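Please keep the sequence and the structure in view while reading.

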Amino acid sequence: MADAFLAIRGDGAVTVHPFLQQLHDAELVRPVGVVRMVRHGHVEATGPNCALGDLCEIACDDGVLMAEVAGVEDGSLTLVPLEQGRQLRPGMRVHPVKGGSAAAVGDGFAGRAIDGLGRAIDGKGPVSRDAFAPLAGSMPGPLERVATGRRLTTGLRAIDGLLTLTEGQRVGVFAAAGVGKTSLIEQFARQIASDRCVLCLVGERGREVESLWRVLSARADATRFTLVAATSDETAAVRARAPRLALSLAEYWRDRGEHVLLIIDSITRFAMAQREIGLAAGEPPTVRAYTPNVFAALPRLVERCGAVQAGGAITALMTVLSETDDLDDPIVEVMKSLLDGHILLSRTLAERGHFPAIDVSRSISRQAAKVMDSSHAAVARSAISQLGVYEEARIMIESGVYKAGSNAEIDKAIETRERLMDFLRQSQNDNSSFSNTLAGLRNALRIAANG
């Protein structure tokens, strides 16, 4: 009898009979739980039976409130609301949302701005959805990953000349507040060539979201961009959900063989949202009060990016905010260990009016050696070395203690520095071709060397 409910496809694979599948999908009896306790930022309920990350509906007096499952215990759920403004009280009924752990994806999201739940915020009406993908993503196996060996041209001389990137690389932009981070990611979005560009703004000000989208949506290639935004006033669950939704969209296009540029601003605010959820679920705070779920989520977020053997690639640029210019907080240290490179922005350079304020001596691209030829690598090493020598001797030079002729290496660094700083300084609207970048770098070093 059981064999009657199996179907054999043309390729010989055995599948469940459509009738059984329909029975499985039908919701004949809707599971229900009851709100037991309401606290600031989270709700405890007696059910229904759900898994971490699932969505539930709480039947309020003035409508339905969506909430995400943040904790599961025997006979108890911890729910984090996705919306604000509704009155909650014990006794309200809780129902699971079918497919709540999946994300809508498809070409309908191209050229659109959406929130952390996939709803349109650009005033163009609902977004058409081609398919659904797991919000947790499809993690490529270690041996499914590849290094493309294709150079990623950013149009920024400091990066293309000295910190060359590749397609599929995962790179962090580390910065304290007020050093030009937002301007830099806007320049990345505009100047880096890709089939798709997915920008995810987490915990950002609404004004910044509008400003960025106004610029991108006015471009001739506006359909290349998708914006996912969860502003600072939204709940922790929505802010934590936005990067996962952005990644699901990027994975959809990568699996079709496309090159996707993914920009997340910022990972730190994502970690803060995860911390709020972890504390609500009763997880113990650890270093800087970050809960264990934060350090479990970050590696998965990074590892979902990269290039795969099927041909597609997700190049990820993730900004990381630092509490101090010493870049010593735990999220910074964790992300440095997970990423394929890091670009450090310096407050000192920013205060001198040097933009982009990239501290090339303290930045690194772990994939640069794969795309630099020998002559390019030699010139880049020379430039970074001379900048480093000057920094080591800066106090002596600027205090007047150092006397010219005392050290040939320092003399050369002094002579070279201004030319190199002029080369590295670049306006936001200046898009330098790779050939011009290399020529400018060689020219700066040659002029300095010849005096």
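Setting aside its neighbours within four places in sequence, methionine 335 is in contact with Phe174, Ile267, Leu298, Val302, Met318 and Val320, where contact means heavy atoms within 4.5 Å.

Buried means under 20% relative accessible area, exposed means over 50%, and partly exposed covers the range in between, with a 1.4 Å probe and protein chains only.

## Basis of the model and overall dimensions

This is a predicted model, in which local features need pLDDT of at least 70 and side-chain atom pairs count only at pLDDT 80 or more, while totals for chains, interfaces and linings use all residues. Residues are numbered from 1 along each chain as its sequence is written, and side-chain values use heavy atoms, with hydrogens and water left out.

The secondary structure of the protein chain comes to 13 helices and 22 strands; these are DSSP runs numbered from the N terminus, helices being H or I of at least four residues and strands being E of at least two. Taken along the principal axes, the C-alpha atoms fill a box of roughly 90 × 55 × 40 Å. Of the 451 residues in the protein chain, 52% are buried, and among contacts between residues at least 6 apart in sequence, 70% join residues at least 24 apart. The protein chain exposes about 20,400 Å², of which carbon and sulfur atoms supply 53%, the areas coming from the Shrake-Rupley method with a 1.4 Å probe and, for residues, only the protein chains shown counting as cover.

## Aromatic rings and charges

The structure holds 2 aromatic pairs. Tyrosine 252 and tryptophan 253 form an edge-to-face pair, at 6.3 Å centre to centre and with 65° between the planes; tryptophan 253 is buried, with a relative accessible area of 0%. The rings of tyrosine 290 and phenylalanine 295 have their centres 6.3 Å apart and their planes at 75°, so this pair is edge-to-face as well. Tyrosine 290 counts as buried at 2% relative accessibility, whereas phenylalanine 295 is partly exposed at 26%. Rings of Phe, Tyr and Trp (its six-membered ring) pair if their centres lie within 6.5 Å, and planes under 30 degrees apart count as stacked, over 60 as edge-to-face and the rest as tilted.

## Backbone details

The peptide bond from aspartate 265 to serine 266 is cis, with omega near 5°, and serine 266 is found in the loop between strand 18 (259-265) and helix 6 (267-280). The peptide bond from phenylalanine 355 to proline 356 is likewise cis, with omega near -5°; proline 356 has its place in the loop between helix 9 (347-351) and strand 22 (364-365).

Arginine 288, in the loop between helix 6 and helix 7 (292-303), has phi near 55°, a positive value in a residue other than glycine. Alanine 289 lies in the loop between helix 6 and helix 7, and its phi is near 70°, again positive in a residue other than glycine. Arginine 288 is partly exposed, with a relative accessible area of 37%, and alanine 289 is partly exposed at 34%.
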